[in-house]
Amino acid sequence: MAIPFSYTAKNLSARKMTTALTAAGMALVVFVFATVLMLQEGLRKTLVDTGSADNVVVTRRSSGTEVQSGIDRVQAAIVSSQPEIAYGPDGQSLVSKEMVVLITLQKRDSDKPSNVIIRGLDARGRQLRPQVHIVQGRMFRPGSSEIIAGKGIAERFRGAGVGEQLRFGMRDWVVVGTFDAGKSGFDSEIWGDVDQLMQAFRRPVYSSVIFKLNDPQRFDALKLRLESDPRLTLEAKRESVFYAEQSEVLSNFIGYLGLTLSVIFSIGATIGAMITMYASVASRTAEIGTLRALGFRRGRILTVFLAEALLLGLVGGIAGITLASFMQFLSISTMNWQSFAELAFSFTLNPVIISKSLAFALCMGLVGGFLPALRASRLNIVDALRAA
Amino acid sequence: MYYLKFIVRNALRHKLRTALTMFGIFVAILAFGLLRTVVESWFAGSENASAIRLVTRNAISLVFPLPITYGDRIRQVEGVAHVSHANWFGGIYVSERNFFPQFAVEASTYLPLYPEYRMPPEDVRAFLLDRKACVVGRKLARQYGFKVGDTVPLRGTIFPGTWEFVVRAIYDGADVKTDTSQFFFHWDYLNETLKKTVPRRANTVGVYIIGIDQPGHAATVSAAIDRLFKNSLAETLTETEKAFQLGFVAMTEAIVVAIQIVSFLVIFIIMAVMANTMAMTARERLAEYATMKALGFGPARLIAIITAESLGIAMAGALCGIAATFPVADWFGAKLGTLFPVFGVSRDTVMMQVGAALLVGVVAALFPGFRAARLHIVDGLRNIG
């Protein structure tokens, strides 16, 4: 016969202070664990949403980022005449020659400088990114000193809101609109007319050429042809791959740091659980003896204490995840080392993270409770009864 | 003496529990120390910055270069003693993993501006005489096994092509805080190659490094330089080396803040564990506290005894943790290599570790101490623990 579950639950609520402190320690560890996973997921999601598998990004060979790349007009023309490029509804090919540079802007709240990506493109470039919508104001007019700012930039940087002005390249640029790129990396960019920006920055070359494939299957053949063309010193990547690579270093950094921290912290919390469970066993020695005398087997005693430890872990885990779920309201912005530019992303919670965090919490409970439970199950009936 | 014995005996009553708690504190204090060290090394670049060096860059952002002609005009500004220039090269050594900073510098003027980079004069001469030569820091040389005379190939990301350099000198830092993970080579080599391959990018520099005569003149000299190039095609932004370095830190501030928050979280976690231990201890000893009170021990004395026990456990664990921080940080620093140029445990970190341990000890004793002090003798004696 099994010992009823209510026995386990009531034991935990009998000593509220101890239970609360132990669970609180575990909750904090689970919080850190879940937050790191959420951050990584947020970063991944941001960059996955940025790139589309049907689009191709062409940059100068081994430049790694658009900012470091340079494609002269002749090369750009060759790329844009490839037969694999899809046509838009108006019969024009969906190819965008873009210029990407960084400008330093000051944050609104702290005045601290940060690098922001400014992208020069035309109407085709916008068509290639259907996730981008103007949420305030309007699109920039071609051939004018107008720019539009991503939501993340408009909020956080001085002079990037609608109606405000930014000065660079000996001109004042009016922000005429704010766009929402559906939490993708474009939210951290400023867009303007490519010809105007190239003129202002005195930059005679494009940074990248982006186009949509008419058939995603034909990418490999196209890549081979572009990269073996002696006139070109370029490389082609699927947009989704390109953006995933952009954040590799940052994502790995968050991952390693988070994993190391979680492991170290979990040692502390597991010890907390172990202390609590040992005390729980010690103060109930007589009780355990009684249970054994009543005929409950060692295995049952082991189970009951393990269940108690697991329940403790569960309480901590749920508290930690609840705490972490509030982090979804926050977004974090930091410099992406690879692109050397500001990137905003948010904490994203999903069922996988919830189950991972719960499993982690239960693990801590299990590891912390195993030795004490073993001791409880090994107690000698007579000695245990005498302990009272 | 008598009290000390009493406290030690009390602490050792539950050997396993005390040992576990101490181990928990050991881990927490160690983690805390390492996290603080990471945060500090983030700021290391700006802490080592000299007060008499200014950095002039393009006002738009660092990706835009400045014309080489600006050097002569900057030299004419009052208060400017030396002018040199450098370009960030951003090359890849074998694979993307091997990151270290590389600069193309105007060697004859650059090295005198950085007296903290120490190397034998004959090596400096050899470096200056060879256009394809490079200078590497001791830490970098150790990590990749560079020796004087070795050829180092770098694949350019900003400047296309594969570039080869010959190591002519290895510099040591003036003190432990000097960044010895850098790689310098001749700006002329870069420029002459660019003239052939990408002529429009030749004769430009990334930043001007300016040595001024007195630290006090930094603000006026900066303003004077920026005024020179106002309304030109390449407006400049001049700031002290420290401000320049802090600009980089500010860009990754979110990460630094996150690490800082987490470093305090670990203290909270261990506080919960320690408080739990002390609360449990106090619960079991209520009858004893009542007995002591009946014998005439006042509440203050009881609180002192409990606090001393708590502090003792916390400090014992913390001392082991602090002692372990040094070797672990060394190991960590060696593993991270050139990612963090300077990675060492500072005095402040140790002080903060001690402070955190004291805090944990005191806070953990609060509730049980309070409980013991408020205890009615009769209730306590009735308690069977």
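Chain A of this predicted model contains 13 helices and 12 strands. Its C-alpha trace spans about 95 × 45 × 35 Å along the principal axes, and its radius of gyration is 29 Å, whereas a compact globule of 388 residues would have one near 21 Å. Of those 388 residues, 52% count as buried. Among the contacts in chain A with a separation of 6 or more, 83% are accounted for by residues 24 or more positions apart.

Chain A is assigned a domain 1, made of residues 5–48 together with 248–386, and a domain 2, covering residues 62–232. The C-alpha centres of domain 1 of chain A and domain 2 of chain A lie 46 Å apart, and the contact between them takes 12 residues from domain 1 and 15 residues from domain 2. On the side of domain 1 of chain A that touches domain 2 of chain A, at least two residues each are supplied by α2 (16–50), β11 (331–336) and β12 (341–346) of chain A. The element that gives the most to this side is β12(A), with 5 residues. Sorted by class, this side of domain 1 of chain A has 6 nonpolar, 5 polar and 1 charged residues.

Chain B is likewise divided by the assignment, into domain 1 (2–45 + 253–382) and domain 2 (60–234). The centres of domain 1 of chain B and domain 2 of chain B, taken over C-alpha atoms, are separated by 48 Å. Their contact takes 8 residues from domain 1 of chain B and 9 residues from domain 2 of chain B, and the residues on the domain 1 side of it divide into 4 nonpolar, 4 polar and no charged.

The two chains also meet each other, with 37 residues of chain B in contact with 46 residues of chain A. On the side of chain B that touches chain A, the elements giving two or more residues are α2 (15–47), α9 (241–251) and α10 (253–284) of chain B. The largest share of that side comes from α10(B), which provides 15 residues. By class, the side of chain B that touches chain A has 26 nonpolar, 8 polar and 3 charged residues.

Most residues other than glycine have a negative phi. Ser62(A), however, although it is not a glycine, has a positive phi of about 55°. This serine, Ser62(A), lies in the loop between β1 (55–60) and α3 (73–80) of chain A, and Ser62(A) is partly exposed, because 17 other C-beta atoms lie within 10 Å. In chain B, Asn231(B) is a residue other than glycine with a positive phi, near 60°. Asn231(B) is found in the loop between α8 (218–228) and β13 (236–240) of chain B, and Asn231(B) counts as exposed because it has 7 C-beta neighbours inside 10 Å.

Key
Residues are numbered from 1 along each chain as its sequence is written. Chains are lettered from A and ligands numbered from 1 in the order in which they are written. This is a predicted model: local features need pLDDT of at least 70, side-chain atom pairs count only at pLDDT 80 or more; totals for chains, interfaces and linings use all residues. Two residues are in contact if their C-beta atoms, placed from the backbone, lie within 7 Å. Helices (H or I, at least four residues) and strands (E, at least two) are DSSP runs, numbered from the N terminus. Ala, Val, Leu, Ile, Met, Phe, Trp, Tyr, Cys and Pro count as nonpolar, Asp, Glu, Lys and Arg as charged, and the others, Gly among them, as polar. The radius of gyration is taken over C-alpha atoms; the globule rule is 2.2 Å times the number of residues to the power 0.38. A residue is buried if 20 or more other C-beta atoms lie within 10 Å of its own, exposed if 12 or fewer, and partly exposed in between; C-beta atoms are placed from the backbone. Domain bounds come from an automatic or database domain assignment.
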